[in-house]
Amino acid sequence: MKKLLPLLALGLFAGCTSLVSTADRLERGLTPPDAVNYVTTKADGTFETQINDQRIAGKLALLGARKSKTPAGFAQVQFELRNDSLLGRTINVSFEWLSADGRVTETQPNWVVTPLEPGAIALVNATALKAESAECRLRLLSR
Amino acid sequence: MNKLLTLAATAFLLVGCGTPASYKDSNGRDVVVSLEKIDIQDFATAGSTMLQSMVNAPAFQKAGAAPVLQVGNVLNDTGSNFDTSLLLMKITAPLVNAGRVRLLESDPAAVAARKATPGAAVPVAEFVLKGKILEVRSNAGSTRQASYEFQLTLIDVRSSLAVWQDTKIVTKQGSKNSVGF
């Protein structure tokens, strides 16, 4: 029986790949800093950040959140992000638009995968489709 | 005794290894990433990125409050079979729902309805959206890479000129399909 155990263990790791990926997902889910982070523009032209994942705190710099209007009067925002860490990093971004009273008016729910080399700058542009959309909330998720 | 233990261990392996089917957020991070085909999240990424690009096009911004848009052909030039509305709906649905365009239906039923009402004021398309989806594959050893290029063009019907064009390339690399990104 003792001879069988290493074989069984080998079978587990070699043949059962879903077990490994399940463990990976479990670990990822249990890791506290694995969380969504937010940057929200404000009516006074500034922006507010909410960092929930400490792995990107100090490693991902938000250089600016520039808000303007299109010629037709729709709000648009450009977020400028820089990877300040020494390693390449993949940031997933999505955003939603809020009305002046804070209601979510539009959403781009899917994550757009954005690989960032060390020191690289990425621009995330968002243009509102509805006139009532006033502020933009950028959602960031580290890989 | 040993046989019993072996049988029990084998049964445990067979029962314990499978992942039971479960519902996932289609926009979440735990969806399947395939190397041999375009996934649902690839259409979403391409569609949302190109929608943002299109609404920023000067010609689109200069158009009236809700220009009439007609969807043209989107050619699937990849090795897999899928409905191109998976891409187009990601672009047209937000525009229509926000009142930014009026979508001119071009299916046979809509054409027949227009012919049946000759006196009615039928809107004429101001813009036509057409495109192509291409696939480029390569591999190095056991690592496979698949790139899908989504190409879209917006044509101003009055001038027949392309007033906006964009491409979005989605590249996936690995030796096998995986779950999550």
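## Contacts and burial in chain B

In chain B, residues 24 or more positions apart account for 69% of the contacts with a separation of 6 or more. The model is a predicted one, and within it buried residues make up 23% of the 181 residues of chain B.

## Elements and overall extent

Chain B contains five helices and seven strands, and when these elements are read from the N terminus on, they follow the order α-β-α-α-β-α-β-α-β-β-β-β. The chain is more spread out than a compact globule, because its radius of gyration is 23 Å, well over the 16 Å that the globule rule gives for 181 residues. Along the principal axes, the C-alpha trace of chain B spans about 90 × 40 × 25 Å.

## The crossing of H2(B) and H4(B)

Helix H2, which covers residues 40–55 of chain B, and helix H4, which covers residues 85–97 of chain B, have axes that come within 8 Å and cross at roughly 40 degrees.

On the side of H2(B), the contact is made by B:Phe43, B:Ala44, B:Ala46, B:Gly47, B:Ser48, B:Met50, B:Leu51 and B:Met54, while H4(B) contributes B:Leu86, B:Leu87, B:Lys90, B:Ile91 and B:Pro94. Sorted by class, the residues in the contact of H2(B) with H4(B) are 10 nonpolar, two polar and one charged.

How values were computed:
Residues are numbered from 1 along each chain as its sequence is written. Chains are lettered from A and ligands numbered from 1 in the order in which they are written. This is a predicted model: local features need pLDDT of at least 70, side-chain atom pairs count only at pLDDT 80 or more; totals for chains, interfaces and linings use all residues. Helices (H or I, at least four residues) and strands (E, at least two) are DSSP runs, numbered from the N terminus. The radius of gyration is taken over C-alpha atoms; the globule rule is 2.2 Å times the number of residues to the power 0.38. A residue is buried if 20 or more other C-beta atoms lie within 10 Å of its own, exposed if 12 or fewer, and partly exposed in between; C-beta atoms are placed from the backbone. Two residues are in contact if their C-beta atoms, placed from the backbone, lie within 7 Å. Axes are lines fitted to C-alpha atoms, for helices over the stretch in contact, and angles run from 0 to 180 degrees between N-to-C directions. Ala, Val, Leu, Ile, Met, Phe, Trp, Tyr, Cys and Pro count as nonpolar, Asp, Glu, Lys and Arg as charged, and the others, Gly among them, as polar.
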